[in-house]
Amino acid sequence: PLRKIAGRPAFHAIVRMRVVDPSVSSLPGDAQPRGIVCDAEGVRFSERDAERKVEPFRILLRFRPDAACPDFGYGDVLSAVGSFREQERPLLPGTFDYAEYLRFQGIKGVFLADEAKILERGEGFLRHVYAARDRFLREICSAFRSDDDRAVAAAMLGGRNIGIAPETKRAFLKSGTIHI
């Protein structure tokens with residue numbers, strides 16, 4: 001889809017997208033995942049350009065480290081300014097192929113955002129289910145003293161894989177229980 005839209009693998013754009021990632025939090029102040037799965041619904045190449053409606057396609061939204069990230073939740077519609085990037089293939093045969101992994105997940109591109117704003121708040125059943133999950137996790141996880149323990153409990157009880165220390169992830173990988 002990226003080459004169809006712009007004719008090149010990487011380009012600057014303003015994208016209208018809907019958040020479809022269940023791991024995002026609808027509670028203000030909660031950390032958001034590093035990569036957020038969204039459905040791109042419209043693309044502009046400049047502020048003056050008219051929005052081009054596109055057949056929705058799945059993207060991975062990432063924010064630059066210095067970018068302002070609004071408090072958004074499942075189903076929210078965002079407008080983000082940034083650039084699309086196609087993932088490069090690995091140089092060495094047999095090594096992990098991130099582009100192939102994304103393709104397997106149905107993700108057609110990665111969008112690196114400089115800024116984003118919420119155009120409309122999501123509604124519907126799933127929005128309320130995930131908001132209830134977040135309130136439950138906040139209540140349950142408040143009993144833990146360390147941030148890492150809270151993050152592991154949130155991952156195990158609510159599917160939120162945010163904030164887990166790299167050392168803890170490695171320990172779960174080595175033990176063969178990362179799937180939990």
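**Reading a barrel and a helix in a predicted model**

Author: The protein chain exposes about 10,900 Å², of which carbon and sulfur atoms supply 54%, the areas coming from the Shrake-Rupley method with a 1.4 Å probe, where for residues only the protein chains shown count as cover. This is a predicted model, in which local features need pLDDT of at least 70 and side-chain atom pairs count only at pLDDT 80 or more, while totals for chains, interfaces and linings use all residues. Residues are numbered from 1 along each chain as its sequence is written, and side-chain values use heavy atoms, with hydrogens and water left out.

Reader: How many helices and strands are there in the protein chain?

Author: There are 5 helices and 5 strands, where helices (H or I, at least four residues) and strands (E, at least two) are DSSP runs, numbered from the N terminus. From the N terminus on, the order is α-β-β-β-β-α-β-α-α-α.

Reader: In what order do the strands close into a barrel?

Author: In general, strands of a sheet pair through backbone hydrogen bonds, either parallel or antiparallel. Here the 5 strands close in the order E1-E2-E3-E5-E4, with mixed pairing, and two strands pair if DSSP finds at least two bridges between them. Strands E2 (residues 36-44) and E3 (residues 52-68) run antiparallel and are joined by 7 bridges, and valine 43 stands opposite arginine 52 in E3.

Reader: Is valine 81 buried or exposed?

Author: Valine 81, which lies in strand E4 (residues 77-85), is buried, with a relative accessible area of 17%; buried means under 20% relative accessible area, exposed over 50%, and partly exposed in between (1.4 Å probe, protein chains only). Leaving aside neighbours within four places in sequence, valine 81 is in contact with residues including His12, Ile14, Phe111 and Leu112, contact meaning heavy atoms within 4.5 Å.

Reader: Which residues of H3 are buried, and which are exposed on the other side?

Author: The general idea is that an α-helix has 3.6 residues a turn, so residues three or four places apart point the same way. In H3, the buried residues are Arg127, Tyr130, Ala131, Arg133, Asp134, Leu137 and Cys141. They cover an arc of only 155° around the axis, which puts them on the same side of H3, the arc being that of the directions from the helix axis to the C-beta atoms. On the other side of H3, Phe125, His128, Arg135 and Glu139 are exposed.

Reader: Which helix do the buried residues of H3 pack against?

Author: The buried residues of H3 pack against helix H4 (147-158).
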